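Dear colleague,

Please find below the structure that I am handing over to you. My notes on it follow directly after.

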Amino acid sequence: MKLTILGGGGFRVPLVYRALLGDHAEGRVTRVTLYDTDADRLGAVARVLGEQAEGAGDAPAVVATTDLDEALRGADFVFSAIRVGGLAGRAADERVALDEGVLGQETVGAGGIAYGLRTVPVAVDIARRVARLAPGAWVINFTNPAGLVTEAMSRHLGDRVIGICDSPVGLGRRVARVLGVDPDRARIDYVGLNHLGWLRGLYVDGRDELPRLLADPQLLGSFEEGRLFGADWLRSLGAVPNEYLHYYYFNREAVRAYQEAEQTRGAFLQEQQEGFYARMKDPAAPPLTTWDRTRAEREATYMAENREVSGAGEREESDLGSGGYEQVALALMRAVARDERTSLILNVRNRTTLSVLDADAVIEVPCLVDSDGARPVAVEPLPYHAVGLVTAVKAVERAVLDAAGSGSRAAAVKAFALHPLVDSVTVARRLLDGYTKVHPGLAYLDRP
Ligand code: G6P
Ligand code: MN
């Protein structure tokens, strides 16, 4: 099995490789091709993987290349985990929005729109090349904003592209644990868009255990989303939202906290990772231990701003271990490659799942996965408040796809202006002007 990782110089690639090293079964990955536009980062990560493989007899071979077509040819699976504009781009996405008084965040609100406008043209180019050079390959998209980018790629790859995110899996596990339920035995009713979904039920042997959680203030106070949103609000909703809904339900507090923070999350990570890549260029540096320490630091501060604002506290170590995105990706790849039927929450085309969206709209929903790919399972309809957010944000995504396809600034302004977290068309226009100034990757938006 040949796996190609786009964004192969990325910080999380060693996590993926570590997970591959633990797989000894038939049909496992035997060759990993790392592709990146940055040869230095590629070299640094290839070196870490080399050290990880030491002593493992059946470690997958690692090849690194800066040639995209060469990376894609012959691939069975393609993990797309690119960051167009790098972390400097993310920091600018966050900063421009905060300076306008609206949420500046990687994937939600104005920051996510700017990131999408930069990323969609690149993702579409990749999708076209995959369709030409590796038409039988499955693309697993981690690239954020994951729902939007998956939808852009699906226009060229159909259901051969599947988007993933670790957040709904983590949420399901936390809710199961607090209820004292084995997460692998529970059926979770979760649906929405990526980073915009709600867990509305958790069934064991056909019985919904969620009402027991919502009725118990002590249980509600004992897990992350319970503290993040507060018991009263969860009870009012009758559901547990994805942690990213915090940016909607507590928008004012989140914007203020981010404005007052010394650095944005992107700027913080940029600084931290520059240190890592610089160390990795030193031939005398002890890579694995260095990398492990850096990772531990990073995960300790993971979404820390969010938790600080709300008092949600640190994420439990077990969440990081078992629900991480590399685990989701591997579970998905195994189910497809070995025809092992599994249920996973994924980003796929809606078909008829949510009646308020058209069939091609990519949604995040529990899916049955086997060698035919991923098919959404039936879920309860969304309540009106969720219909409102989901359809509004899908309209924003469609405006981004329009702008990316046509180069139209009007479409880009429309994307910002329609977003529920951007409160004025005037602000939307200024946001686009601000982003165009700082992002060379937006120069293509040159038509009225
Ligand atoms: C979670 C989300 C990802 C997101 C990441 C941000 O894993 O599911 O979509 O990119 O958090 O983490 P970071 O450490 O980059 O802020
Ligand atoms: Mn995600």
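A residue is called buried if 20 or more other C-beta atoms lie within 10 Å of its own, exposed if 12 or fewer do, and partly exposed in between, with C-beta atoms placed from the backbone. Asn-144 is buried because it has 23 C-beta neighbours inside 10 Å.

The model is predicted: local features need pLDDT of at least 70, side-chain atom pairs count only at pLDDT 80 or more, and totals for chains, interfaces and linings use all residues. Residues are numbered from 1 along each chain as its sequence is written, while chains are lettered from A and ligands numbered from 1 in the order in which they are written.

Asn-144 lies in the loop between strand S5 (138-141) and helix H6 (146-157); helices (H or I, at least four residues) and strands (E, at least two) are DSSP runs, numbered from the N terminus. Setting aside residues up to four places away in sequence, Asn-144 touches Glu-106, Thr-107, Tyr-115 and Val-149. Contact requires C-beta atoms, placed from the backbone, within 7 Å.

An unreviewed UniProt entry assigns the feature "binding site" to Arg-90 and Asn-144. They are spread over 55 residues of sequence, yet cluster in space, the largest C-alpha distance being 10.8 Å. Such annotations may be inferred rather than shown by experiment.

Arg-90 belongs to helix H4 (residues 86-99). Arg-90 is also buried, since 26 other C-beta atoms lie within 10 Å. Beyond its neighbours within four places in sequence, Arg-90 is in contact with Glu-106, Tyr-115 and Gly-266.

Yours sincerely

How values were computed:
Two residues are in contact if their C-beta atoms, placed from the backbone, lie within 7 Å.
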